[in-house]
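Hi,

Could you take a look at the structure below when you have a moment?

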Amino acid sequence: MKAHAVHSSGSNPAPEEEWNSTFGGSDDDWGSSVQQTSDGGYIIAGYTYSYGAGGADVWLIKVKGEEPTELKVHNLDTGEDFSTIQAAIDDADTKDGHTIIVDAGTYYENVVVNKSLTLKGIGMPVVIGSGESAINVTANGCTIEGFKVMGIAGIIVVSDGNAIRNNNISTDFTGISVVSDSNMLKDNVITNNTISTGMIGVAIQNSSSNILSYNTINTTSSNDWGIIIGRPYYNKSCSSNNILIGNTVNSTIRGIELYVSNNNILAENAVSANWLGIRLVCSSNNTLNNNTIFGVFIPEDPYKAGAIVLRESSNNNEIRGNNVHSNALGINLVKNSSNNTVTDNIVTNNMIGIYLGVESPHGNFIYHNNLINNTLENETYNAYADIGNNSWDSGYPSGGNYWSDYNGSDLYHGPNQDIPGSDGIGDTPYNIPGGAGAQDRYPFMNKNGWLYPYTKTDVGVTSNITLANPSDLVPYLPPEYAGMDMSAAVVLTVNVTDNTPDNLTDDAYTDITIKIGELDIETCKVFKTGIGFLPEVDDVTILPTVDGDPAFLRDLANKTVTVRLYVGDPLLGVIPPAVPSVFDTGKGTYPSIMGTHKGEIKPSCNITVSKLYTYPCPGTGGHTESIKLEENGTLIANGTWEGYTGDWHNITLHNATGNAPYVRLLKGHSV
């Protein structure tokens, strides 16, 4: 609809245009009456099909006569102002890379961003669109930031490398769509948006390498999704290598779903839904880490309500570190979903904790989970395995899961749990309800038992062990440790009491197996206050057990050390080796020492050497004439100083064992 005002002057005036403007949207709009108002403006009455609730709606427009359109859209690069967002985009002077600022207000537009622009709202301007979308991003490398978007659909992205952030979106259908039927879209970033929608919060279809982060999604319809990755019910690979992190999804029916989509990462999302929390359908090699899922529940049919669901051959996924609580089903693997790893999850206060059933899920690895108080009809169902051949532990000593209803004892240790002495693992398997006859062979006695930095075996003694701060050990260490970073050290306070002190011939000791954490298993040392460094032995079981000296065994494969301690109250630490001091005579001293000098080099890591730097000092002998490197008595390299010619600062080493122009000094070897 076009509106214009004219005025005339003189006895036979010719009309002159005062102003004109265009109003309306993509559908039919009419203005039926125009009246001038007392402030010099105009009021236009009519009806519209472009806006409103649908059909012919009453339309009332108020414009100012002398300034019919307030120019609230600005191109910062050209300095031009516009009345609409689309006019600013379409202007011939607007080029790729420009920034368009949109002032607060309401804009009835279907915006098409077909240039690589930054579109930034100030004061949350409102864009109300009709039809397919309010904002359609078709160019690559755009930024859409700071808008309130309303209409049937919000923002549609059909291009690559765009940023959609800090928007508030409220729509009837989809909030944000990244979608293509032909090209694989990629590298879009959707972050910090608040989305309220009736059907779908965010849809990513046929698109890869996108980041969806820290958005809040609230859906309201009975047929909605919070986030869809892939395309429901389509049997083709849809979306891959996307990252979903830190999103909050409060969805009536479905939280986050992946359909035929692989290699995606879902991390640190919070999902509260009525039916499904996070579900994977025909989707493999995805990672679900550190998500929180709760409130997924259908009282009349609890077996349809899963917090984390893998189905239809969703294989090789990692389900790790998630907090799954207060749902109907916690973690649900069904319909041939195989070779998935479920580990380090907290599964608590659900009706059923972990459920495996329906069409033989097999080959899944389920261990190091805390399964606590999952109860259905007053019966504990921390897990239920109806069918399938799956592993509920990772062998000994890595162990299985913690079960709140396990009532076994811990008097023995070893793969067969038949050697006297506790190890933090139950002596009898945990039987998992259901028709599969599944067992956790090595259930843990304590929550997070696999995270304890030690296990112990007491023989004839009672030992109490507590973690200590690495700084507690520092005052007892030799001078060469002064100033060293000891934060990676594993330090324990150990109190060993002899159970039969009057029996001088019995075996009375404790063997403590300590996980070395970030330390290097090949070079770490064991230090006990009052004794110092403990000697290393090849087999800790052959040590004397009465009046013996504490010693330790280094297990390279499992990255542990086993320490044998006797009665006493030590502070015990597994620590790094002391950093050797560097001999440096200091600036200007240049000692002159004649003769042949031998020394030992024992690198803490592999070192590749091609030259030796020498300090030349004419007339003093303050340079190195020659060098030989021997490993265990075998010559591996040599070199001779060539005098004050050419590269006279260095001696070039010649490899004696091959043609390589360097020699490699191996970690831990003596040279």
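Let's begin with a facing pair: Tyr 355 stands opposite Tyr 384, and Tyr 384 is in strand β47. (Strands here are DSSP runs of E with at least two residues, numbered from the N terminus.)

Before going on, two notes on the source. This is a predicted model, in which local features need pLDDT of at least 70 and side-chain atom pairs count only at pLDDT 80 or more, while totals for chains, interfaces and linings use all residues. Residues are numbered from 1 along each chain as its sequence is written, and side-chain values use heavy atoms, with hydrogens and water left out.

**The sheet**

β47 pairs with strand β42 (residues 352–356) in the parallel sense, over 3 bridges. Two strands count as paired if DSSP finds at least two bridges between them. In general, strands of a sheet pair through backbone hydrogen bonds, either parallel or antiparallel.

Now zoom out: 12 strands make up an open sheet with parallel pairing, in the order β10-β13-β16-β19-β23-β27-β30-β33-β36-β39-β42-β47. At the edges sit β10 (111–113) and β47 (383–385), each pairing on one side only.

**A buried leucine**

Which strand holds Leu 371? Look in β44, residues 370–372. Leu 371 counts as buried because its relative accessibility is 0%; the cut-offs are under 20% relative accessible area for buried, over 50% for exposed, and partly exposed in between (1.4 Å probe, protein chains only). Setting aside neighbours within four places in sequence, Leu 371 is in contact with several residues, including Val 347, Ile 354, Asn 382 and Trp 403. Contact means heavy atoms within 4.5 Å. Asp 405 is 34 residues from Leu 371 along the chain, and their C-alpha atoms are separated by 8.9 Å.

Have a look at the loop between β47 and β48 (402–403), where you'll find Pro 397. The peptide bond from Tyr 396 to Pro 397 is cis, with omega near 10 degrees.

Glu 312 isn't a glycine, yet it has a positive phi of about 55 degrees. You'll spot Glu 312 in the loop between β36 (306–311) and β37 (318–320). Asn 448 is not a glycine either, and its phi is positive at about 55 degrees. That residue, Asn 448, lies in the loop between β52 (439–440) and β53 (454–459). Asn 448 is partly exposed because its relative accessible area is 32%.

**Salt bridges**

Side chains of opposite charge can pair when their charged atoms come close. How many salt bridges does a search of the whole structure find? The search finds 11, where a salt bridge is a side-chain nitrogen of Lys or Arg within 4 Å of a carboxyl oxygen of Asp or Glu.

- Glu 312 turns up again here, bridged to Arg 311 with the closest N and O atoms 3.0 Å apart. Glu 312 has a relative accessible area of 29%, so it is partly exposed.
- Arg 441 and Asp 393 meet at 2.7 Å, N to O. This pair links distant parts of the chain, 48 residues apart: Arg 441 is in the loop between β52 and β53, Asp 393 in the loop between β47 and β48. Arg 441 is partly exposed at 43% relative accessibility, whereas Asp 393 is buried at 7%.
- Asp 458 and Lys 456 meet at 3.5 Å, N to O. Salt bridges that share partners also join Arg 254, Glu 257 and Arg 279 into one network.

How values were computed:
Helices (H or I, at least four residues) and strands (E, at least two) are DSSP runs, numbered from the N terminus.
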